[in-house]
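Student: I am new to this structure. Please show me how to read a few of its features.
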Amino acid sequence: MIYLFADIHISPYVEDYADILSSMLGEIGFDTFEPTDTGIKAYIQKDLFVEEQLTDLLSTFIIPDVSFTYEMHEMEDCDYNEEWEREHFDPILEREFGLRLDPRMAFGSGSHSTTHQLVSLLMDMDFNGQDVLDMGCGTGVLGIAMGLKGAKHVTAIDIDNMSVDNTIHNFSLNFPPSIDILTPICGDASAIDGTFHTIVANIFKTILIRDLPVYVDHLADGGTLIMSGFYTSDAPDIIEAAATCGLRHSKTCSDEDWSVLTFKK
C-alpha cells in the first residue's frame, strides 16, 4: 500500500493552528500527523487522496490571516512504519498500564492527550460481562483497555483497513489465542450492529455530532457513551447535541485543551 504525505507550512506558525488543521484534515482521509518546526506532515493512503479536497480545506481555513503552502511526497508505508515506530513511538501505555502496542501508522499510541485520558479513564472502570464498542478504533487501544477490564466482547470499527489490521495485531499482543473477544469491522457508523453497554468514540467533533443518533440507537438503556477527539472549547456543542438525543451528561475530563465527555442513556 502506498502512502502520501503533505508537508504543510503554516504562516504565521502557531501550534494551536496545527492542531486545528490536523482535526480538519482527518475529515478528508488523513490519518497520521507529525509536527514540524513550521507546520505539520499529514499522511494519507494514496487511493484516498483528492488534492481538490486539500486545497479547498486550506483555502477556507477558519482563522483569518493564516496562509499555507504545501508539497506532496510519496512513500511506501512499510518503510515509513519502521521509521515512525523507531523515531516517534513512546510506549507510555505499557509503562503505566501494562498495555502493549505496536501502533504502526494508526492513531492511538497513547502520546496524544485524548488517548491517554481515555485509557486512564477506562482502566479505572469495570466492564465485566459487557459488550462494548470502540468506534474509530485506530490501534484498538481503547477496546484493549476495556477487554483488560473485563469486557465480554469488543467490537472495533474504523474506516481505515490499516487501523483494523493493526487492531487485530495489537489484540494478539494483549490476549492469548484462547481469549477470542474481538470483532473487527472496516466501516463507518453505518456498520454498527447490535446493542452495547458501553460505546467509546474518539473521533472528530463534526463526525461525533453527525453520528450521535446512531450511537444512541445502539446503546443499551442505562448504557455509557464516552466521546473524545475535540477541544475543550467544543465540549458545550457536544453536550448540547447529546442532550438533544436524550443523553445525560455525567462527567468531563480535560487535559491540554482536549476533553473527554461521558454520557448516560
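Tutor: Start with pockets. On a 1 Å grid over the protein atoms alone, a pocket is an open set of points where a 1.4 Å probe fits, with protein on both sides within 12 Å along at least five of seven lines; lining residues have an atom within 4 Å of a point. Grid points are joined across faces, edges and corners, and a volume is the space filled by probe spheres set on the points. This is a predicted model: local features need pLDDT of at least 70, side-chain atom pairs count only at pLDDT 80 or more, and totals for chains, interfaces and linings use all residues. Residues are numbered from 1 along each chain as its sequence is written, and side-chain values use heavy atoms, without hydrogens and water.

Student: What volume does the second largest pocket have?

Tutor: About 260 Å³. It is lined by 13 residues, and I20, S23, M24, Y231 and D234 are the closest to its centre.

Student: Which element gives the most to that lining?

Tutor: Helix α1, with four residues. Helices (H or I, at least four residues) and strands (E, at least two) are DSSP runs, numbered from the N terminus. α1 (15–26), α8 (205–217) and β9 (219–231) each give two or more residues.

Student: How do I read two packed helices?

Tutor: Two packed helices are described by the angle between their axes and the distance between the axes. Axes are lines fitted to C-alpha atoms, for helices over the stretch in contact, and angles run from 0 to 180 degrees between N-to-C directions. Here, the axes of α8 and α9 (residues 235–244) come within 9 Å and cross at roughly 10 degrees. α8 and α9 are therefore roughly parallel (under 35 degrees).

Student: Which residues of α8 and α9 meet?

Tutor: K205, L208, I209 and L212 in α8 meet D237, I238, A241 and A242 in α9. Contact means heavy atoms within 4.5 Å.

Student: Where is P12?

Tutor: P12 sits in the loop between β1 (2–11) and α1. A cis peptide bond joins S11 and P12, with omega about -5 degrees.

Terms used
Angles under 35 degrees count as roughly parallel, over 145 as roughly antiparallel, 65 to 115 as roughly perpendicular and the rest as oblique.
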